[in-house]
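Student: I am new to reading structures of this kind, and I would like to go through one feature by feature. Could you begin with the overall layout?

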Amino acid sequence: MASKKVTIAMIVMIVVVMAMLVDRSVAIDLCGMTQDELNECKPAVSKENPTSPSQPCCTALQHADFTCLCGYKNSPWLGSFGVDPELASSLPKQCGLANAPTC
């Protein structure tokens with residue numbers, strides 16, 4: 001019986017710790033782009049039903065680190081997030097950025 005109580009207490013403790021971690025706001029900054037900016041561009045690089053890049057996406061790309069972004073082009077992580085690398089590498093040109101890099 002004591003073993004069961006210890007197990008339940010451990011489970012409750014794990015749930016509380018996980019809730020605390022989830023509750024914290026984690027800011028992501030990837031290659032000079034914030035999580036919100038990355039989210040703005042996601043519909044334009046989505047494997048299914050891609051859209052034209054939004055103006056906020058194009059604005060965010062103006063200060064992005066393209067050398068850094070190009071480093072992710074062959075990453076297996078992109079596919080797991082539903083990102084098409086070819087669509088992603090075409091964003092700067094679609095946004096009309098001068099000297100758009102080619103990865």
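Tutor: The protein chain has six helices and two strands, where helices (H or I, at least four residues) and strands (E, at least two) are DSSP runs numbered from the N terminus. Read from the N terminus on, the elements follow the order α-β-β-α-α-α-α-α. This is a predicted model, in which local features need pLDDT of at least 70 and side-chain atom pairs count only at pLDDT 80 or more, while totals for chains, interfaces and linings use all residues. Residues are numbered from 1 along each chain as its sequence is written, and side-chain values use heavy atoms, with hydrogens and water left out.

Student: What share of the 103 residues in the protein chain is buried?

Tutor: Buried means under 20% relative accessible area, exposed over 50%, and partly exposed in between (1.4 Å probe, protein chains only). Buried residues make up 20% of the 103 residues here.

Student: Which residues of the largest nonpolar core touch the most other members?

Tutor: In soluble globular proteins, nonpolar side chains tend to be buried together. A nonpolar core is a set of buried Ala, Val, Leu, Ile, Met, Phe, Trp, Tyr and Cys residues joined through side-chain atoms within 4.5 Å. In the largest one, which has 15 residues, Met-33, Cys-41, Leu-61 and Leu-91 touch the most other members. The elements giving two or more residues to this core are α2 and α3 (55-61), and α3 gives the most, with four residues.

Student: Leaving aside neighbours within four places in sequence, which residues is Cys-41 in contact with?

Tutor: Contact means heavy atoms within 4.5 Å. With those neighbours left aside, Cys-41 is in contact with Met-33, Cys-57, Leu-61 and Leu-91.

Student: Where is Ser-75 placed, and is Ser-75 buried or exposed?

Tutor: Ser-75 lies in the loop between α4 and α5, and Ser-75 counts as buried because its relative accessible area is 17%. Ser-75 and Pro-85 are ten residues apart in sequence, and their C-alpha atoms are 8.8 Å apart in space.

Student: What can be read at the start of α6, and which residue follows α6?

Tutor: At the start of α6, a side-chain oxygen of Asp-84 comes to within 2.8 Å of the backbone nitrogen of Glu-86. After α6 comes Gly-96, whose phi is positive, near 75°.

Methods. Polar contact = N/O pair within 3.5 Å; in protein donor to acceptor, adjacent residues only side chain to side chain.
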